Amino acid sequence: MNIKEYVHQVGQQAREASRSIARADSKVKNQALRTIAAAIRRESAALISANREDLTAARAAGLEPAMLDRLTLSEKGVEAMAEGVEQVAALPDPVGEISDLKFRPSGIQVGKMRVPLGVIGIIYEARPNVTADAAALCLKSGNAAILRGGSEAIRSNRAIAALVQEGLTSAGLPANVVQVIDTTDRAAVGHLITLREYVDVIVPRGGKGLIARLLAESRVPMIQHLDGNCHVYIDDDADADKALRIVENSKTQRYGTCNTAESLLVARNVAARLLLPITAMLLAKGVEIRGCVETQALVKEAKAATEEDYATEFLAPIISVKVVAGLDEAIDHINRYGSHHTETIVSENYTKSMRFLREVDSSSVMINASTRFADGFEYGLGAEIGISTDKIHARGPVGLEGLTSQKWIVLGNGQVRS
């Protein structure tokens, strides 16, 4: 296979298909999505079987536990995929929505119309559910998609993509609206991210190494985030029970996700009272504590934290802990060491909580809630294509609206400019 020619052909097919999906009405797109969801449920056993082959190969290749967790597809996971596709079908179609119409002195009306981006390339590692999620969101938002999953999930991705294309053709849409790059050769990624004539935006979902490579090499605009170094800050005015529950869920529900808490900050005035029960819970669950000098004085099991620890997304049962003077130091610490992903404050103080919302420079900022809620499904977006820590175009979980843009429209009745 000539990889360059193959990727170029995929891009060309996607551009042609993008014109068909851009003009498809909501009824047709929703019909395709419902058929895809039904096909996923129908082929649940086959999808799990294909995934089992991927897992066997991944274990033999020595993949880390966090990657194996992301790769695994259970019956519950298959059902969640189908539900996610159905939820996208149930969402309002943003394409064609007209907003902000205003009359100008000349008599013209000026407004904005929401339109698809065109062709979206999604590059991701491990998680096979991304294939269904990304396909559904791109389809509903009127975009063609080129999906390039990791080699570790190639069998799962092929099986899911076949069901997606079945749904497309059943609704009278081109199968090439969604294409999976059918090679594990890494050179395919290098070619895809330079296809400016065919690809309008790249959305990477994967590890820091993948994102860094794409940032350095891509000639196509990107919606991305490097990592998820998320923080929980326990304020002086925190409720103890809420603090314990929120830290437990934020850190220990799953270790391998980008919205898992990696850093815990505790106000000095409550550290002696709250830190011991919280760290006892974490230690009981096998979480390693890496803390500041004050943390080590209170928690004998804590290891010394380094500057690097405070800036690290562990994706493992490890957490960095720091005792801070109060809100100002907590905000400074988060904005310095964080990855601008998700942060939460545990506090009963309204004024300080509002300051936290305003001043923390992250894509999701929360009050008295687990960082694990930073997710398109939990935010009511249906499936998400990723989480963006960029400040331009899309920020936070990227759903349908994030996969569209707006163009200016003018409605006139023969007016000419004088």
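**Entry 1**

I started at Ala-82, which lies in helix H5. The model I am reading is a predicted one. Next I looked up how far Ala-82 is from Ile-40. In sequence the two are 42 residues apart. In space their C-alpha atoms are 6.0 Å apart.

I stayed with H5 and turned to Glu-79. Which residue does Glu-79 form a salt bridge with? The partner is Arg-41, and the closest N and O atoms are 3.0 Å apart. Glu-79 lies in helix H5 (residues 75-90) and Arg-41 in helix H2 (residues 26-42), so this pair ties together parts that are 38 residues apart in sequence. I then checked the exposure of both ends. Glu-79 counts as partly exposed because its relative accessibility is 29%. Arg-41 has 31% relative accessibility, so it counts as partly exposed too.

**Entry 1: other salt bridges**

I wanted the total for the whole structure. The search finds 28 salt bridges. I picked out a few.

Arg-42 forms a salt bridge with Glu-43. Their closest N and O atoms are 2.9 Å apart. Glu-43 has a relative accessible area of 26%, so I put this residue down as partly exposed.

I moved on to Arg-268. The side chain of Arg-268 meets that of Glu-294 in a salt bridge, at 2.8 Å from N to O. What does this pair tie together? Arg-268 lies in helix H11 (residues 268-284) and Glu-294 in helix H12 (residues 293-298), so the bridge links parts that are 26 residues apart in sequence. Arg-268 is partly exposed at 37% relative accessibility. Glu-294 is partly exposed as well, with a relative accessible area of 32%.

**Entry 2: the open sheet**

I turned to the strands. In what order do the 3 strands of the open sheet stand? The order is E1-E2-E16, and the pairing is antiparallel. Strand E1 (98-103) and strand E16 (404-411) are the edge strands, and each pairs on one side only. From one strand to the next, the twist averages 20°.

I followed the pairing of E2 with E16. Strand E2 covers residues 109-116. Over 8 bridges, E2 and E16 pair in the antiparallel sense.

Then I checked the surface around Leu-101. Leu-101 is found in strand E1. Its relative accessible area is 38%, so Leu-101 is partly exposed. Which residues make the nonpolar surface patch of about 240 Å²? Leu-101 is one of them, together with Ile-98 and Leu-411. I noted the edge strands again here: E1 takes in 98-103 and E16 takes in 404-411.

**Entry 3: helix H6**

I looked up helix H6 next. H6 runs over residues 129-140 and has 12 residues. How far does H6 reach from its first C-alpha to its last? The reach is 17 Å, close to the 16 Å expected at 1.5 Å a residue.

I then asked how much of H6 is covered. The helix is mostly covered, with 11 of its 12 residues buried. Among the buried ones are Val-130, Asp-133, Leu-137, Cys-138 and Lys-140. The list also includes Thr-131 and Leu-139. Alanines are on it too, including Ala-132 and Ala-136. After the helix I found Gly-142, whose phi is positive, near 80°.

I finished with strand E11. E11 spans residues 318-324 and is mostly covered: 6 of its 7 residues are buried. I traced two of its pairings.

Strand E8 (residues 261-267) runs parallel to E11, and 5 bridges join the two. Which residue in E11 is the bridge partner of Leu-265? The partner is Lys-322.

Strand E9 (residues 288-291) also pairs with E11 in the parallel sense, over 4 bridges. Here I noted that Arg-290 has Ser-320 in E11 as its bridge partner.

Note on methods. Residues are numbered from 1 along each chain as its sequence is written. This is a predicted model: local features need pLDDT of at least 70, side-chain atom pairs count only at pLDDT 80 or more; totals for chains, interfaces and linings use all residues. Side-chain values use heavy atoms; hydrogens and water are left out. Two strands pair if DSSP finds at least two bridges between them. Axes are lines fitted to C-alpha atoms, for helices over the stretch in contact, and angles run from 0 to 180 degrees between N-to-C directions. Patches are made of residues with over 30% relative accessible area and no salt bridge: like charges are joined within 9 Å, nonpolar side chains (Val, Leu, Ile, Met, Phe, Trp, Tyr) within 5 Å. Accessible areas come from the Shrake-Rupley method with a 1.4 Å probe; for residues, only the protein chains shown count as cover. A salt bridge is a side-chain nitrogen of Lys or Arg within 4 Å of a carboxyl oxygen of Asp or Glu. Buried means under 20% relative accessible area, exposed over 50%, partly exposed in between (1.4 Å probe, protein chains only). The expected span of a helix is 1.5 Å times one less than its number of residues.
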